[in-house]
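Here are my notes on the model, in numbered points. Please read them alongside the coordinates.

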Amino acid sequence: MQFEYVLLALLAGRPLSGYDLRKWVETEGQFLRSRAHHSQIYRLLGRMVADGWVAFEVDPREGRPDAKVYRLTPVGREALMEWVRSPYQPPSRFQDADFMSRFAFAAVLDREAAIRLIRTELDHRREQIARNRPRDRTVRFEDPLPELDQELAREVYEELHRYGAGAMDAWVAWLERMLRRLEQWQPGPHAPPAGEESAS
C-alpha cells in the first residue's frame, strides 16, 4: 500500500494540517498501517505538493508556528479515484493493510469499486479455504532435537490451525455482511444526489 493514497483519502473529507494527518495515523490509522514517523508524513506531503496532488495555505497561529493546511487538487482527486478503482490482487495473508485501507476509503468514495474489491477478496479467501481446509495436517518428525516435545508440538499446531480457520471464517462472514450492506445501501434524504457536490 502506498501511504500517500491514505493521505489523499483523508484530504477528500476536508483540508487538514500535517499535524492533523499525523494525529489520525497515530489513532484511527494505526489499524490500517504501522505507525508512520511524522517526518515521513511531511516528506510525502512535500512530494504530493510537487506532483500537484495537493496545495496548501498557511494558517497563522498566534504564539505557535504557522501551520500549512493541505487541500486536495483536481489532479490529486484523479489520482485518488484511480487508486480506489484500480485492480486489487489479494495477498496470501488475509486482513491485509492494503485491503483495509482501500476498503475504508473506496466504500465512501465509490460504492461500486468497494463492492468489486470485496467480491475479489471473498472469491480469493473461499478458494483458499476450499484448497487448504481439507489438507493432511499430520505433523511428522524425523530425528528431532531432544528438546522438542512432539506431543505438545502436535497440540500447538492443531490449536493454531483451529484459531486460523476460525479467524478466516469470521473474516469471510464479515466480508459477506459488508457486501450485503453495500449492495442494499440506499442514501438517506440528507445525501446529495450522485454526481452533485455538497454545498458546504
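1. The chain exposes about 13,500 Å² (accessible areas by the Shrake-Rupley method with a 1.4 Å probe, where for residues only the protein chains shown count as cover). Carbon and sulfur atoms supply 51% of that area. Buried residues (under 20% relative accessible area) make up 32% of the 200 in the chain.

2. This is a predicted model, in which local features need pLDDT of at least 70, side-chain atom pairs count only at pLDDT 80 or more, and totals for chains, interfaces and linings use all residues. Residues are numbered from 1 along each chain as its sequence is written, and side-chain values use heavy atoms, with hydrogens and water left out.

3. Along the principal axes, its C-alpha atoms fill a box of roughly 70 × 45 × 25 Å.

4. Seven helices and three strands are present (DSSP runs, numbered from the N terminus: H or I of at least four residues, E of at least two). Their order from the N terminus is α-β-α-α-β-β-α-α-α-α.

5. The largest nonpolar core has 42 residues (buried Ala, Val, Leu, Ile, Met, Phe, Trp, Tyr and Cys joined through side-chain atoms within 4.5 Å). L8, V54, F99, F103 and I118 touch the most other members. α1 gives the most to this core, with eight residues.

6. Beyond its neighbours within four places in sequence, F103 is in contact (heavy atoms within 4.5 Å) with A114, L117, I118, W174, M178 and L182.

Conventions:
Buried < 20%, exposed > 50% of the residue type's maximum accessible area, 1.4 Å probe, protein only.
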